[in-house]
Amino acid sequence: REHLFWDTQPVPSMGSEYGQDSGPLDELRTVDDVRAEPYPLPDKFEWCTCNVDDDKEIDEIYTLLTENYVEDDDSMFRFDYSIHFLRWALKPPEFLRSWHLGVRVQGGGKLVGFITGIPAKIRVFEKSIQMAEINFLCVHKRLRSKRLAPVLIKEITRRVNRENVWQAVYTAGVVLPRPISECRYWHRSLNPKKLIEVGFSHLGARMTMARTIKLYKVPDMPQLPGMREMKKEDVPRVHGLVLNYLRKFTLHPEFTPEEVEHWMLPRPGVVYCYVRENEKGEVTDVCSFYSLPSSILGHAKHNTLKAAYSYWNVASTVPLQDLMYDALILAKQQDFDVFNALDIMENESFLKELKFGIGDGYLQYYLYNWKCPRIEPRGIGLVLL
Ligand SMILES: COc1cccc(CC(=N)NC(=O)c2cccnc2OC2CCNCC2)c1
C-alpha cells in the first residue's frame, strides 16, 4: 500500500535492507535550517504546548487518551494511562515542555490531538546518538482521517530539530516504513478467572476453571532470599548493574544515574522495582515493572484490566527465570491481573517456562532518520512506555 505521508519522510522504504553501514538518511542540517514557525493546522484548530504540571491540563490529556488512545485489535481494551503515570513518563531529567504538544479547537477549546517527545541517549550498532523518544500520538476518534497525525508528527519533528536533535525512536502496533525490529508480546495470567471473564484469555481445551486457577497460582512471597523494594540509596549500584547489562544489546539507552533514579525508583501505582540484597548486603540483581491498566470496553462487571509490564531486569547472581518468577509473585502481591513482556532482551529464556502465553499482535520498533540493519528482538534493549 502507498504511504502518502511516510514516503515523504527520512525513514527506510518498506523493502530496504542496509548492510553494516549505519547513518542518517537526511542531509545534515543545522538548527538555523529548521523553519522557525509551527506548521499550519487545518482551519478551526490551533497548537498548544501542554503543561503536565497543571491539574486542569493533565486531566485533559488523561481524558483524551483514556477515550481515544490505542486499543487492542478487537477493540475490547484501551490503554488507560493514569495521571501519575503520565507525569512520570513525560518529566524525566532534561525534559522539554515544548515537546509536550497538543492540538486544540481554536480559542483554547477542547484538546483533540497530542504527541510527545522526551530526550534520550540511545546507542545503536556502537553509535551513541541523542534522540527523542516519541510517544502518545493520539487524535480524537471524531477527527480521524483529517490528516492531523502527519501534521502532529511534522510539528514535533520541527520542535525536536530546533533543539539540534535529528533522530527519534518510537514503537507502534502497526507496520509503517519500516520497522527496525518486529517484537511479539506475551502475557502471564495472574488472575485467570477475571482474564477469562473479560475475554482477555480463554479456558484451555480440556481445562476447567479450577484447574486453570491452580495452573497459574504463584506463592504469596518471593522465593529468592533478600528481595526488597529498591530505595534511593540503591541508585548508584542499580545504575551500574543496568548500564553494564544493557551494553550487550544492539539498541539500548545509555542512562545517567539521575535517569536510573527517575525511571526505577518505585512510585505507587506507576512503577515497581525490587532489588536482591545478598548475605553481604550487596545489591546483586534487580527487577522492575510498570503499571499500565486498560479500560475494558463495554463489560458489565469489570471496568479495568490491571496489567504489569516487564521493564528493566538484571539477574547477575541468579537465573533470570528465577528473578522473573519473583517479579510475577510481586506483581500478584500488588493485585495485577496479568504480567506482560516482549520477546526482547533475554526474555525468551523465561517466557515459556514461566507459563506466558503468546499475544495476538506485534510491537514494531522504529528509528526516524537513521538507516541501519534490522535487529532481532533479542538485540533490542529498549522498553518504551
Ligand atoms: C490489553 O489492553 C490492550 C490495550 C491496547 C492495546 C493492546 C495490545 C498492544 N498493543 N500491546 C502492546 O503494545 C504491548 C504489549 C506488551 C508490552 N508492551 C506493549 O506496549 C507498551 C509499549 C508501547 N506503548 C504501549 C505500551 C492491549
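Mentor: A residue is called buried when its relative accessible area is under 20%. The model is a predicted one. By that cut-off Cys-50 is buried, because its relative accessible area is 2%. Cys-287 also counts as buried, with a relative accessibility of 0%.

The cysteines raise the matter of disulfides, for which two cysteine sulfur atoms must lie within 2.5 Å. The count of disulfides is 0. Cys-50 accordingly takes part in none, and the cysteine sulfur nearest to it, in Cys-48, is 4.0 Å away. For Cys-287, the closest cysteine sulfur belongs to Cys-273; the two are 6.9 Å apart, and therefore too far for a bond.

Let us now turn to the ligand. It is surrounded by 18 residues, and the closest of them are Phe-77, Tyr-185, Ser-294, Leu-384 and Leu-385. Two of these closest residues can be followed down to atoms. In Ser-294, an N or O atom of the side chain is 2.8 Å from an oxygen atom of the ligand. In Leu-385 the backbone is involved instead: one of its N or O atoms lies 3.2 Å from a nitrogen atom of the ligand. The protein buries 91% of the 590 Å² that the ligand exposes when taken alone.

How values were computed. Residues numbered from 1 in each chain as written. Predicted model: local features only at pLDDT ≥ 70, side-chain atom pairs only at ≥ 80, totals over all residues. Heavy atoms only, no water. Near = heavy atom within 4 Å. Polar contact = N/O pair within 3.5 Å; in protein donor to acceptor, adjacent residues only side chain to side chain. Areas by Shrake-Rupley, 256 points an atom, 1.4 Å probe, with all protein chains shown as cover. Buried < 20%, exposed > 50% of the residue type's maximum accessible area, 1.4 Å probe, protein only.
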